[in-house]
Structures are given as structure tokens and as C-alpha cells.
Amino acid sequence: MSQEPTTYSLFLFLFLSHGASSYTVRNSRQDLHPLLQKMAEEIVDGSYLNALLDLIQFQSSHMWTDDLSHRVLAYLNSRNVAFTIPSLQAAVENHLEQRLHQPQQLLEDLRKTDAQQFRTAMKCLLEDKKDHLDLKDIIVNLGEIRDRALQSPGMNRSLFLITLERCFQVLNSLECVEILGKVLRGSSGSFLQPDITERLPQDLCKDAFTNLSAVFKDLYDQTSAHSQRALYSWMTGILQTSSNAADDSVSWVSAENLWILGRYMVHLSFEEIMKISPIEIGLFISYDNATKQLDTVYDITPELAHAFLERISSSNFNVRNTSTIHRLGLLVCFYDDLELLDAAVAQVLLHQMIKCSHLRGFQAGVQKLKAELLDIATENQTLNETLGSLSDAVVGLTYSQLESLSPEAVHRAISTLNQVSGWTKSQVIILSAKYLAHEKVLSFYNVSQMGVLLAGVSTQDFCSMDRKDLLQVLRSAVSQYVFNLSPAQKQGILSKVIEAGDTASGIVDIQGAFFKEVSLFDLRREPGFNSTVLKEKELGRSQALFLYELLLKTTRRPEELLSAGQLVKGVSCSHIDAMSTDFFLAHFQDFQNNFALLSPYQVNCLAWKYWEVSRLSMPPFLLAALPARYLASVPASQCVPFLISLGKSSLDSLVLDSHKKTSVLRKVQQCLDDSIADEYTVDIVGNLLCHLPAAMIDRGISPRAWATALHGLRDCPDLNPEQKAAVRLKLLGQYGLPQYWTAETTKDLGPFLVLFSGEELSSIAIKFPEILLQAASKMPRTLLPKEFLWAVFESVRNGSDKLPSSVPMPGCHGVAAPSSNDIFKLAEANACWALEGLRCMEEDTFIRTVELLGAVQGFSQPQLMTLKEKAIQVWDMPSYWREHHIISLGRIALALNESELKQLDLSSIDTVASLSQQTEWTPGQAESILQGFLDDSGYRIQDLKSFHLVGLGATLCAINITEIPLIKISEFRVVVARIGKLLCSMHVLAEFKRKAEVVFGDPTEWTSSVLQELGTIAAGLTKTELRMLDKDLMPYFQPSAIKCLPDEIFKELSAEQIASLGPENAAAVTPAQRRQLSPLQLQSLQWALDGAKTHSWQDAPASAGPSRTPSSRSPAGAPLLWGLWLGCPLLVQMAKILW
């Protein structure tokens, strides 16, 4: 990837751009200041960075006068430096690009600077005061240069290394530490490899050492376990050397040293902690910031926590004293002095234990301690009396305990209950009902007191609120809790807020993500929108399409629309096509800033527009959105900017077609020469690391690059099986079999543990069960390998209590049944329980853990049936179940047969809404739920409100098609988008489509926003209607609608329509649909997948290269070269030149 053509200097361009090359002065050497003479000689020698540093140094102590440029020019001419302005400009561009894309060269350049030049470079990094270098007609933006350098791939690394190498010899140590802090805080933490401590200075002054330790403490969570250990050793080595400990019997761990260690105090050994003198630990606890420090020791172990508590007890601090408890931080999570504990102290401990949720692991032990403290805190008092003083331990209360509470007690304790995290949905329902039973009437005031309990208010209760109160809720801080409501609850609020005849004030007041729930029909009735109003609202794509088109007709400043938050989702290809070149280039950054909001089709349109108007300055990653052949336009000299640009994007969202992705990755491999030679290359490839083929991971990543690459691979969300196998082999080669791993290795490889077999993981389960549990807790709950789950299961079972139940159920003698602690720890690994174990579970265990069990995705149908039978055993027959029982079941409810579903009380739409969240119902089950709701609520189809339709969810698909016409248009039209998310049968979708025609008119009149709003409903179009659709509407089908189109109808699309689908919809075409297509249609589909142009711009030939467009001069605001678009390197880039 090397390219190093001979270049002229930036400074020729700066001083000679006025065409003054013929200007000469006699005795120019005598006229020029020695520092400027030195600068000019460095220009002649090609030492451009040195020259710039001399220029900055000169300007810092001298006034720049108008004639200095001419004097420098004369000097250069006397040295026979020949040039032309065009060649000089080209040389400058090459020079800037090279320094940006070769951070190793910057490292070498800085190594060659003299002491004064290096000092100047470091000062530029350090000081924010002088952000501009003012040379009269030239302004160099040093601040932007510094910021870009600290953010550019590889640059940070070079700056980090050179600072370690030279800074401490040139600047004072405090300044160097400040520079290291800046560089490290802008990195991912991958710079801090274990061997870096060999380069850290050992003789820092006290303040510098303290400041550098503070930097390492700030980066603790981004640092690997091995590196944490190495940094701890470096810190303690210096602390031990500077301590006054005469021998090993006297601890070097003073109060001040503990404070300096910060979070690294968890790396102290048990023996070292036990040697800390009572005076020093007492002094440490007395520090005002001790509590803050102890609040952050998230990875402390029970053994070390108990050791610290013991030492604190040995000092003058009484750990039963309230003031001491407030100072303990996360140590309270392991408090073990419970004998004869006072109820008031137990309540204080419970209040402090709110922070224990931040601990890394050991949560089952925390829950057990909370339960014990809860018993002590409520001793000789009722729950009603103590409820408000129990902190978040109240989440451990069972349903029966919560139901025993009086409404008055809940009302008194609401200020505590409304802040507690960890409530289950069923607990929230019970407590909300208790609170509202006391309040009688639902007003803004009492709703504002509910906090997290707002989710327990029924949809019907929201609808019964006064509209003004609801509007006040949406305008207030309470609105943050509205986001967590169910779709039915949200629609209930909307239906009340947007009452017929008065939509304006209601819609405008809806903020944030809740605004996405507003229907397209209601938006069309709202006259009061502008770009300012929309800035803080989250928009659905159909909303954005409509609003952008609407506002574009009335605004005089279209650029305001592009910067109005999520409104950019609504920019269509025709809008992009209509933008002038100057406008497009000047405002492309608005698209760039909101890239994650853009659809693949929009990105494709942007790529074509850029290619057309300014392909030389085109962000290289956009080439991946064009047909694969356009990648040939990337010459070898532009590989690095291409890789950097593509590595900063998400390839999976940029390229949806697997064949095209293969072509893109082939180009990536070509640019890399099938190898990653060093850590700098890892920096450059960025996210592309996750897409490298298995062979390249196995053989192409050098040992030097591997540690940095492994740091990046940890964050890859979806490696394929071949990649996983390659990573596993590399790990085995580096670390050996898991049975030989240390605790640090196991922590560092946590995300990769799923790659190993059950046999390989068995030793980890035995040696480091808590680390294994922590690794499992950070992984997504679905699609975990069975062998990994079994390893987690065995690690928990090996460490759980083996005491049998005092009175085992019949047939359960000797059966390993789960305990509450087991279930809490296992999470998704609960899927490994045998049927007998689930059947023999104690009733109290089931009651306490039913919602955890209901959330397990991996349970088989027999396991779900066993858990359903357990629910019947505990709660009696389904006809006796209350709403909170049904809601708590989660996936367990899938085991209910049609007869059992009919027994449920389904009179509440909120109960039905919770059931409809499950997606695995059979048609018979869904029909039973739908009919059960209609029977129990007394509603007929024609009586259903919009929130009923939303709450029914997937069960609405079970509706008889003859009854769909009975649904009121006034209710249907405001929930079209919600219904459009359902995957119903074609007969049902076709009937919903007929209903949509009443709302939006004939399909020939539908717009892009309507088609997007309809979702799967659009799949109900007939062959004739589909053929009549304008090809420009094809990208605005939702992908789910494309998948739902029957094969025999999809094949009726014309070749032109298929070519216009856009990349995302083309990728949604199913294999069955594809098999029905003609060769011409298949060719059109491939064009769409490849991102071929279907609109007005003329396609480029297959051999398209990056030749200049007719307007070779880039418009104002446009970058000059790919490399420049990415940002220029330290001390070289000119952010702004004023001629």
C-alpha cells in the first residue's frame, strides 16, 4: 500500500500562489531571518514538516509582515527551486494525502525533528489557545489540524508512540502526561497493550505520575485485563519504590496510594489488603472522594470486598454506623455483618445497595443479601409501614406481598417506588392499580408522580384522562416514560390527544420517539409544521417522506430541511437529482452527519449524484453503493483512503447483496495485498476487519497486528462460521487450550468463548465460573451455541446448593430442581434444564422467577408445556388467572391450547397486547385469543377502537375476512402503519388493502409516503394494480411487503419495475419469487441488487475511471481529493486559505 512520489512543498504553494515566481531580491540570504532561512532550506531538502514547525516557531515570536512571503520566495529562487502553480498544487495534494494515509511516515518525520521543532509540535498538540496561524493573507487553522489528527486512523497511534519516545526528554513531564491523556482518550484503548508499560517512564515527578495514573483510571473499561494487570504492576512498582516501608511486614499501601490506584485497587491481593494499617485505611475512608472511588470498583470480587470491609472495621470506623455505610460505595454489596443488625441500619444498607446493579457479576449474591436485609428491615413492622424505606429491594416482593399492600401505603411510598429499576411488568401492574385506587381520578399531577410505574396504567385509563392533562404529560418530564409504554397504550394516548377537529396543538406537542406513532392520515391534517418544530422529533420514513415534500414547497431555505434532524429520511432520489452541484456539495455533510438514518436506496442515489457532479472528491465508501464494476475506478494509489472511508461505515447496511459484497471484499483484499502487516493497517481497515475472509484471518494477519486486530474482532456482531473457526484456531495457537488459561486471558477472550466446544469450556466452567457467567451476560440472548449454554449451566449447577427440598414433590426425590438463584444466574442457559427438573421446581421458586423463565428464547415445546403445567399447579386453572399472571408468563403462554386460551380473562386489551407480543402462535391459538377478547370485552368488530386494533397485534391476522369491512375507517386510518407490520395471510392483506383505498384513494394515486405507510398491506395489491404502479414508487415498498407478495403476482412486475426496486427491496426478494422470473426480469433484479442507475442520470461505461468532470474546478465547499475529504494530517493540513 505504499505510494511515495516526489513532491514539492506546501510552503511553495503558500508563498507563491500569487504568481510571484519571478520576484527576486539581491542578497536574499542576508535579508531573511535565520529561522526562515532554515525553514527555506528544509523546503529545498523536502523536509516539509520541519519547515512548517519552524514557521510556527517564527510566527510565535515575530510579527508576520507583507514582504516576508516575497523574501522567502526570493531565497527559494536563489536556490534554483523551479515550479509552476498547477504542479505545485498537485504536489501539495499528494503531500497532504501521503501524510494522512501514512501515519508511520509522520512518526519518522517527528523522530527527525530537532529539539525545538519537536517542542513546537508537542506544544501545538497541547495548547488550545492559539488555534490559527495568521500570515496576513494566509490563515492556517491549527486547531482543526490538531482535532483531525487526533481522530484519524493511525495518527493517534503515531502521536502516542512519539510522545512516549521523545516528549519526556524535551518537555516537562506534566505537559507530556497531558498530551498522552489527549491522545489516549481519543483512542479505542487498543494502544494500551501489556508491553506498553516497558516504554512508560519510571522516574516521573509525583504530580505527573498521579495525572498519568488518572488517565489510565479513566480508560479502565476500555483496557484489556492483561493490560490492566500490566499497568497495575507499573503503578505499584513506582508506588512501592516511593513508599517508606522498611520491610515486607509494613504495607506500602497508604491512604494516598489507594487514592492514586483508584479502580486499580481491585488488583491488590488479599494478602496486601490485609496488611494495610488501620490508620491508613481509616484515613482513606475519611477522604471526601473515597465514596466516589468505591462507587466505581465494579469488578471487585467478594473475597477482596470482604477483606476491605474487615480492614475498615479494624480502624476507628464502625461499619454499622450510618455515616460509615454511606462511605462504603460498592463494598455494601458484600456486607456480611448481619448478626443482631438493627432494622434502621438494614434500611440504610438497602438504600445504598441501589448502586449494586453496576457490579460486574455476583448479582445472585446481591439479591440474596437484599432478601436477608429486607427480612431484617421489616421485622416487627408491616410492609405497609416500611414500604418507602426499602429502596429497590422491593422488587424482590412476591405478587402476594404486593397485593397485600394498602393503596395508602403505595401512595406514601410512591417517591421511592417510582424510581426503582428492575420491576417486572406484572409487578408494575399491581402497584399502579394500588396507587390509582387511592387517587380515584387520573390527573396530570398523580400521573407525574408515577415514574416507571406509568407503564402499569391501563390503556382504557389513559383514554379516560382529560385531554389537557394528557397534553401536559407529553410536554413535561414525564414524557420520558411514555416511550416505554406498549403500542396499545401509546395509541390510546394518541387517540385522546388527537381528537377530531383539533389536531394542531396535540401533534406539535408530541416529542421524541413517540412522534413516530402519529399516523400519516393525521399528519396530512396538520398545517403547522416547520423544520424547527421537527428537529427534536423521531420520524418514521413515511412521515419523513410526506413532511419533506410538504415543507420543500413552502420553505425558502431548503438547506434547513436537510439539517432538521430526521427529516433527511424523506429526501427522495428526485430531490437529490434536482439539487444543483453547488448546493449538493455544500450540504452533503448533512447527509453524512445522518448517514445511519438513510435507507440503502438513498445512499445509492447520493452515490450516483456524487459520481455525476464531482467524482474526484467523492467519499470513497460511496463507491460500494454503485455497481461492483465501479470499484475498478479505485487506483492502487487511492487504496488507503478507500479502506479508511469504507472502514468507517457499516458494510452490511451499505451492501445488501452477497455477490456484490464479495466483489467489494475482493477489492479490499486487493488493496491489502491479502495481508494485514501491522497495527496501523488494523487502524485503517476499521469495521472491515469483521468482513475479512477466514483465510485472511488465519494466515494474513501478522503476529505484530494480531493483538490490535483481536481487540477489533471482539466487537464484530456476526462473524460467519468460517471466520469463527479461523479466530478459534488463532486463539488456540496463541493461548493454548482453555484449560491452561489465566483469569486475565479468560476475561479478555470473553466474547470468543462461544467459539469453543463444551469439552474445552468445561475447565473454564470449573476454574472461572463467575467470569464465564459475566461473559454470558454480555452476549445476546438468542442464537447462543448449545455447548456454550451447557458450560454455563454446569458452572452454575456445580456451585449451587445441593440441599434437597425439605418436602420434595412426589416423584422428585433426587431430582436436580432449579432454585431461584440458579434461574437468576443462568438466564438463557435455563434452556438446559431437564423436564424433570422443571416439573420438580418448588412453587415459591416458580412464583419468584416466572418472568425470567418466560423470557428464555431457547425453551422447547415440551419444556414450555412443563412450565405451563407448573403455572396451573401454582395458580389453579387458567380461568382463575388474573391479568398479572397472564402477562408474567411470556413465552410460557405459547403452551396454552385453544381450550385453555378461551378460559383466560381477556377483557383487557393490555392483557391481549402482552400475548400478541409472542410471534409463534398457531392460527387456531390466535383465533382463540381474538375471539376471547371480543367475547370477554363485549366488543363487536365494528366497536373496536384504534388502540384495540394495535393491541391485538398478530392475533388480528386471525380475523374473518368478511368482518374486516366492519372495522371503522376512522379507527383503521390512524393505525395503518401498525397493521402494516403484521405478516398476515394474503386474503387478509388483500382485504386490508381494500380498506386502505378508502383512506388513501385508488392505488394509482398512491405516493411514496402512502406506500411506505402501508407496509405489508401493499402486498394485497392485485396483478393489475401492481403493474399500473409507477416504477419510481417501487423503492418505497417496505421489504416486508416485497416478501409477502405471492410468487405468481410478483412475476407480473415489469422488468423496468423490478430494476427500480432499489437495493434493499431487491435483497428482500425470496428464492421462490426469483424462480418465477424470466431471464430479462432476473437481469433487472441483478441491476437493482447491484445499485444500477434507474433514474435520469446517464450510466457510466463499464470501464469508468475517475476522470474529471467537465467542471474540473471543484465548487466551494467541496474537497479537492478523496484523501482531503477524510481529513488532513497533523501540522500539514490547511483548513482554510484566504487569498
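Predicted model: local features only at pLDDT ≥ 70, side-chain atom pairs only at ≥ 80, totals over all residues.
Figure 1. Of its 1139 residues, 57% count as buried. Among contacts with a separation of 6 or more, 73% are between residues 24 or more positions apart. The protein exposes about 47,300 Å², and carbon and sulfur atoms supply 51% of that area.

**Figure 2. Confidence along the chain, with a view of both ends.** The average pLDDT is 86, and 89% of the residues score at least 70. Over residues 1–26 the pLDDT is below 50, and this stretch has 79 contacts in the model beyond near neighbours in sequence. Residues 1095–1139 also have a pLDDT below 50; here the model has 137 contacts beyond near neighbours in sequence.

**Figure 3. Helix H11 covers residues 173–185.** The buried residues of H11 are Ser173, Glu175, Cys176, Val177, Ile179, Leu180, Gly181, Val183 and Leu184. Their cover includes helix H8 (115–126), helix H9 (142–151), helix H10 (155–170) and helix H12 (206–218).

**Figure 4. Cys333 and Cys356 are joined by a disulfide, with an S to S distance of 2.0 Å.** The count for the protein comes to seven disulfides, and this view shows one of them. Distant parts of the chain are linked here, 23 residues apart: Cys333 is in the loop between helix H19 (322–325) and helix H20 (343–352), while Cys356 is in the loop between H20 and helix H21 (363–377). The link is left-handed, with -100 degrees about the S-S bond. Cys333 and Cys356 are both buried.

**Figure 5. Cys573 and Cys605 form a disulfide with sulfur atoms 1.4 Å apart.** Cys573 lies in helix H37 (residues 573–578) and Cys605 in helix H39 (residues 600–614), so the pair ties together parts that are 32 residues apart in sequence. This link is left-handed, with -50 degrees about the S-S bond. Cys573 and Cys605 are both buried.

**Figure 6. Back to our opening pair: Cys812 and Cys840 form a disulfide, with sulfur atoms 2.0 Å apart.** Which parts of the chain does the pair link? Cys812 is in the loop between helix H50 (786–799) and helix H51 (820–826), and Cys840 is in the loop between helix H52 (835–839) and helix H53 (843–854), 28 residues away. Cys812 has a relative accessible area of 6%, and buried means under 20%, so Cys812 is buried. Cys840 counts as buried too, at 7% relative accessibility.

**Figure 7. Two further cysteines, Cys205 and Cys832, buried or partly exposed?** With a relative accessible area of 34%, Cys205 is partly exposed, because that value lies between the 20% and 50% limits. Cys832 is buried, with a relative accessible area of 5%.

Terms used
Residues numbered from 1 in each chain as written. Heavy atoms only, no water. Buried < 20%, exposed > 50% of the residue type's maximum accessible area, 1.4 Å probe, protein only. Contact = heavy atoms within 4.5 Å. Areas by Shrake-Rupley, 256 points an atom, 1.4 Å probe, with all protein chains shown as cover. pLDDT = per-residue confidence, 0-100. Helix = DSSP H or I, 4+ residues; strand = E, 2+ residues; numbered from the N terminus. Expected span 1.5 Å × (residues − 1). Disulfide = S-S within 2.5 Å.
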